[in-house]
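Hello,

Here is the structure we talked about passing on. Please open it alongside this note; my findings follow below.

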Amino acid sequence: MSKILEVNNLEIDFHTYAGEVHAIRNVSFDLEKGETLAIVGESGSGKSVTLRTIMGLLAKNGEVVNGEVLFNGEDILKKSNKELNDMRGNDISMIFQDPMTSLDPTMPIGKQVAEVLRIHNSVSKKSAMEEAARVLELVGIKDARNRLKDYPHQFSGGQRQRIVIAIAIINNPQILIADEPTTALDVTIQAQIIDLLKELQTKIDTSIIFITHDLGVVAGIADRVAVMYAGKIVEFGTVDEIFYNAQHPYTWGLLESMPTLETNTKRLHAIPGTPPSLLDPPVGDAFAPRNAYAMQIDTEQEPPFFQVSPTHKAATWLLHPDAPKVELPPEIARRREIWKKMNPETKKPQTTEKGAD
Amino acid sequence: MADYKINADSFKLAHIEKEAQEHISTPSLTFTQDAFRRLKKNKVAMVSLWILCIMIFLSVISIWFSPHNPNTQHLNWNNLPPKLGNLNIPGFNGHGLVRGEYIDAYKASKVPDGTWFALGTDSLGRDLLSRILAGTRVSLFVAFMATLFDLTIGIIYGIVSGWNGGMIDNILQRIIEIISSVPNLVVVILMLLVFKPGLLSIIVAIAFTGWVTMARLIRAQTLQLRDQEFILAAKTLGESPIKIAWKHLIPNLSSTIIIQTMFTIPTAIFFEAFLSYIGIGIPAPKASLGTLLSDGQKNFRFLPYQMVYPAIVISVLMLAFNLLADGLRDAFDPRSAR
Amino acid sequence: MAEQKKEVLVSVKDLQQFFNLGKKDEVRAIQDITFDIYRGETLGLVGESGSGKTTTGRAIIRLYKPTSGEIMFNGKDIAKLKNGSKEMQEFRRETQMIFQDPYASLNPRMKVKDIIAEGIDIHHLAKNDKDRDEQVANLLELVGLNPDHATRYPHEFSGGQRQRIGIARALAVQPQFIIADEPISALDVSIQAQVVNLLKEIQEKRNLTYLFIAHDLSMVKYISDRIAVMHNGRLVELSTASEVYNHPLHPYTKSLLSAIPIPDPEVERKRRPQPYDSSMEEDGQKRTMVEITPEHFVYAAAGEVEGYKAAAAAYNA
C-alpha cells in the first residue's frame with residue numbers, strides 16, 4: 001500500500017471580527033491507496049474545513065498558518081488556481097451533503113455528468129454522453145441511456161445522490177471526498193448509497209475520505225477512523241481499534257451516547273456541556289471541561305499522542321504510564337471484551353509517546 | 001517528554017466547574033449591533049451617511065438661519081454671479097459676463113458693499129443658496145412623507161397578502177398588477193388634475209404608485225417567514241395573528257424594510273424633481289430641487305451656475321442615498337455581499 | 001406502567017389531511033390515521049421523509065385544519081375548534097410542540113427570556129414582571145442552562161443549547177402533552193443524548209405525555225413506550241416498542257429495521273438490508289389496521305391477516 005495523501009501539521013486560522021478562530025490545530029493524517037478513511041466529529045470540530053483545504057476551497061478569511069497537504073508527494077497548498085482546477089473533479093472529487101442543491105436544476109443530467117468529463121478530457125460530445133450513460137448505469141440508475149435528457153427534479157432524492165456520485169467518479173478520481181453524503185437521506189436509501197460506495201471502491205480502486213457524525217455509518221464503511229474534537233484529531237486507528245479498543249474519553253462518550261437497539265438503561269450516557277469555542281480554546285485538553293476522567297494535568301497541558309499500536313494513537317493523558325487506571329464505562333468495557341476475543345494474544349497496550357511537535 | 005512538566009498532582013482527578021461546560025465566550029451582539037459593525041467597515045456607506053446627515057442638518061437649520069430669505073425678490077439684483085464675501089476666489093468673486101463684458105456684476109447692479117450671494121441670484125434676484133437649502137428641505141420632506149405612506153401601505157398590504165395566502169392573496173396581487181400596469185406619470189397627472197397642485201397632492205401622488213414594490217417585497221418575505229418554525233411555535237402557543245405580525249414578522253422584515261426605504265427615498269426625490277421640472281409639481285414661489293433645475297435650465301448657456309449648483313446637490317443626494325442603501329443591504333444581509 | 005389502568009389522553013380517529021383540496025395538485029398527505037396515546041406514555045412515530053409523520057403531528061396540534069376525522073383530547077374533539085376561540089386557547093396551553101431545527105425555531109430578534117416567556121404572556125401566567133423573570137430563570141435551570149444567559153440572543157447559543165431553549169418555551173405554559181417533531185435529528189451525536197435525557201427527565205418530573213416523531217429508529221426505540229410506523233401517509237404498524245423491534249410483522253417495518261446502521265463493525269459486516277417493494281400496497285385491496293396479537297396492529301387486507309398471524313406465532317415459537 002502506498003500513501004496517496006498526507007496531511008502534516010496542518011493549522012488553519014479564520015479571521016473574524018471577534019478575533020482569530022483556531023479552526024484546525026495541528027492535524028496530521030494520511031490516506032492510503034484504496035482505503036476508506038472516516039473522519040468523525042461534531043459540527044465545528046474542523047472536519048469540513050480540513051477537507052475543503054484538501055480540495056483547495058478554503059474560505060477567503062481562512063489562512064493556513066502551518067503545515068502541508070501532500071497529494072502524490074506534491075503540496076496542494078502551493079498549487080496555483082489553474083493547477084487546482086485541473087485537480088478538482090479529476091484527481092480529487094467531492095460528494096456533498098445535499099443532493100437537492102448539488103445538481104443544476106436547469107440542466108439535463110446527462111449533460112451534467114458528461115460535462116465534467118469534457119472539462120478534463122478532450123472527448124467528443126457523443127462519446128462523453130455514452131460514457132455518462134455507462135457511469136450512470138454503474139451507479140444504479142436504471143435505463144440510464146433513455147434518461148440522459150431528464151432533469152434532476154424527475155429523480156428521487158436517493159437517485160439524485162447517485163447522479164452526484166456519478167459526476168464525482170466519472171474521471172476515475174484517486175480520492176473521493178464524501179462530506180456527509182447520507183445525512184440528508186432516509187435510512188433505507190442511506191444503506192443503498194453506502195453499499196454503492198463500497199462497491200464502486202472495488203470497481204474503480206479509489207480512496208475515500210468519508211465525513212460523518214453517524215458512528216453506525218462509520219462502522220459499516222470505514223477501514224480507518226480519525227476522531228476529531230475542537231480542531232484536533234484526538235484518536236486515530238483502524239475501525240476495530242476505534243470501536244472495540246477506544247482510548248480517548250471523547251471516543252468513549254460518542255460510543256456510549258448512541259443507543260443500540262439493545263440499550264435498556266434508564267438514562268443514556270450523554271457527554272455533558274457543549275464544545276468549546278475555538279476563539280478562545282481552554283488551556284490544556286480542549287475536552288477536559290466535559291470529561292468525567294479529566295485530571296489536573298488536562299487543565300494545564302495539551303496531551304501529546306500516545307501510540308497504542310502501530311496503527312492506533314490517541315491524545316489523552318490517560319495513556320501516560322504514570323496515569324492511574326480508570327474504571328471503564330460499562331459500554332466500553334463490553335467492547336473491550338469483544339476486542340480481547342478478536343485479539344487473544346494482545347499484550348497490555350504498550351503506550352509510547354509520540355511527539356506532538 | 002521534556003516538553004511536559006509532570007508533578008505529583010498531575011494525575012489527580014480534576015475538579016471541573018459545571019459552569020465551564022456551558023461557557024459562552026462570544027461577545028454579546030444584537031443583530032442590529034452586528035449589522036452596524038459591518039456598516040461601519042464600509043467606508044463608502046459611512047461617507048454617504050455623513051454627507052446625508054450634513055445635508056439634512058443644513059437644510060433643516062436653514063429654516064431659522066438662512067443667508068437670505070429664499071423668497072425675497074430683488075429685481076435690480078437679478079442674475080448676480082456667486083460671490084463669497086470679499087474673498088477673491090475665481091468663480092466666487094462676483095465677476096461675470098454682463099452684456100459681453102467680464103466685469104464685477106455686483107458693482108454694475110449697485111449692490112451695497114457687504115451684501116453678497118454665495119451662489120449668486122436667480123432671474124428674480126432671489127438668493128440661490130437660500131433657495132437650494134429651502135428646495136432641498138422641500139424635496140426631502142416630500143420624499144420622506146411619500147416614503148412613510150409607502151411604508152405603511154406597503155407593509156400592511158404585503159403582510160396581509162403573504163400571511164393569509166390563498167384567495168385573499170390572489171385578489172390583492174391582481175390589484176397590484178393592475179396598479180403597476182398603468183404608467184406612473186398618467187396616474188400622477190390625473191391626480192394632480194383632480195387635486196390642487198401643492199405639497200400634499202404631490203406626496204399622495206408619489207405614494208399612490210410607490211408602495212407597490214414594497215408590498216411585493218414584504219409579501220415574498222412573509223411567505224418565507226410564515227413557515228418558519230418560530231412562527232409555528234408562536235401559533236401553537238396561541239398567539240393572535242396581529243401579535244405574530246408585530247412581534248415576529250416586522251422585526252424579521254426590518255432589514256428588508258430599511259433597505260427598501262433607502263432605495264425609495266431617492267426615487268421619490270427624483271420623481272418630485274421630475275414633476276416640478278415639467279411644471280406640475282411644487283407651485284411657485286416655493287422652491288424645490290426640481291423647480292430650481294427647471295428655472296436654471298432657461299439661462300444655462302449664459303448663467304450656468306443657476307443650474308449647476310442645484311444639479312450637484314440633487315446628484316450628491318441621490319448618490320449618497322443609493323450608496324448608503326447598498327451598504328445597508330450588505331450590512332443587514334451579509335449573504336448578498338459579494 | 002403496563003399494568004396500571006391506562007387513561008387515553010389523545011385519540012385520533014380516521015384523520016385525513018389533504019392539501020389543495022379539489023384542485024389539480026391535490027396532495028393526500030395522510031389518510032386514515034387512527035391511534036390512541038395514553039396519559040404519561042411516549043408514542044414514537046417513525047417514518048421516512050414524505051411519509052406524513054410531520055403532517056400528522058402538525059394536524060394534531062392544529063397547525064393545519066384537518067380535512068376529516070376527529071382528534072379527541074381529554075375527551076374534547078379539537079379537530080373542529082376555531083382558531084382564537086376560548087376552547088382553542090385552552091388546548092393551545094395544554095399541548096405544545098418542540099421543533100426540529102434549533103436554528104429556525106427561535107426568533108433571531110428576540111432575547112431568550114422573551115422567547116421563553118411568550119406563552120406566559122399570551123396566557124397571562126405571570127403575576128408581574130418579577131414573577132415572569134423568576135419563571136424564566138426556573139425554566140432555564142430546568143433545561144440545564146445558566147439563568148444569567150436570559151438576556152442573550154439565540155445566535156449566541158450552540159444547537160443543543162438552542163434546542164433546550166425551545167423545550168423551555170414549550171414547558172413555560174405547563175402543558176400536559178408535547179409533540180416533539182424530530183427534536184434531535186439536527187443535533188450532533190454527543191448532544192442528542194443530552195436532549196433525549198432531558199426530555200425523559202422532564203417527563204417524569206411533570207408527568208407529561210409525548211408524541212415523539214423521528215426517523216432515527218434507535219433513538220425512538222430508546223425513548224418510546226409504543227411505536228407507530230408510517231409509510232406513504234398511512235400507519236402500517238403499531239405496537240409496543242419491543243414488539244415492533246423484536247417481532248416486526250409488516251414488510252416495511254422489517255426493511256426499515258434492517259437498514260439501521262449499528263455502531264459496531266462486526267455487526268455491520270454481517271448486516272444485509274432487506275429491500276421493500278411498495279407496489280404491494282397498490283393492489284387495490286382494502287386495508288385497515290388489524291390487531292394481529294394483543295396490542296399489535298398491522299395495516300392489512302382481509303386476506304393477509306392469516307399470514308401475519310402465522311408470522312407472529314412463529315416469533316413466539
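Predicted model: local features only at pLDDT ≥ 70, side-chain atom pairs only at ≥ 80, totals over all residues.

**Helix packing in chain B**

H5(B) passes H8(B) in a right-handed crossing. Helix H5 covers residues 128-164 of chain B, and helix H8 covers residues 199-226 of chain B. Their axes lie 5 Å apart, and the packing angle is about 35°. The contact of H5(B) with H8(B) is made up of 21 nonpolar, six polar and four charged residues.

**The nonpolar core**

The largest nonpolar core has 259 residues. Which of them touch the most other members? They are Val113(A), Ala132(A), Leu136(A), Ala166(A), Val227(A) and Phe212(C). Helix H12 (residues 305-332) of chain B gives the largest share of this core, 13 residues. Setting aside neighbours within four places in sequence, Ala166(A) is in contact with Val113(A), Val135(A), Leu136(A) and Val139(A). As background, nonpolar side chains tend to be buried together in soluble globular proteins.

**The sheet in chain C**

Chain C has an open sheet of four strands, in the order S2-S1-S4-S5. The pairing is antiparallel. Strand S2 (27-38) and strand S5 (76-77) of chain C are the edge strands, and each pairs on one side only. Strand S4 (residues 68-73) of chain C pairs with S5(C) over two bridges, in the antiparallel sense. Phe73(C) has Lys76(C), in S5(C), as its bridge partner.

**Gln201(A)**

Gln201(A) sits in helix H6 (residues 187-204) of chain A. Is Gln201(A) buried or partly exposed? Gln201(A) is partly exposed, because 19 other C-beta atoms lie within 10 Å, and a buried residue needs 20 or more. Leaving aside neighbours within four places in sequence, Gln201(A) is in contact with Thr36(A), Thr206(A) and Ile208(A). Asn90(A) is 111 residues from Gln201(A) in sequence; in space the two are 16 Å apart, C-alpha to C-alpha.

**Where chain C touches chain A**

This contact takes 32 residues from chain C and 33 residues from chain A. On the chain C side, the elements that give two or more residues are helix H6 (159-171), helix H7 (189-206), helix H8 (217-223), helix H10 (251-259) and helix H11 (265-270) of chain C. H7(C) supplies the largest share of that side, seven residues. The residues of the chain C side divide into 15 nonpolar, 11 polar and six charged.

Best wishes

Technical notes:
Residues numbered from 1 in each chain as written. Chains lettered and ligands numbered in written order. Axes fitted to C-alpha atoms, helices over the stretch in contact; angles between N-to-C directions. Left-handed = near helix turned anticlockwise from the far one by under 90°. Nonpolar A, V, L, I, M, F, W, Y, C, P; charged D, E, K, R; others polar. Core = buried A, V, L, I, M, F, W, Y, C linked by C-beta atoms within 7 Å. Buried ≥ 20, exposed ≤ 12 C-beta atoms within 10 Å, placed from the backbone. Contact = placed C-beta atoms within 7 Å. Pairing = 2+ DSSP bridges.
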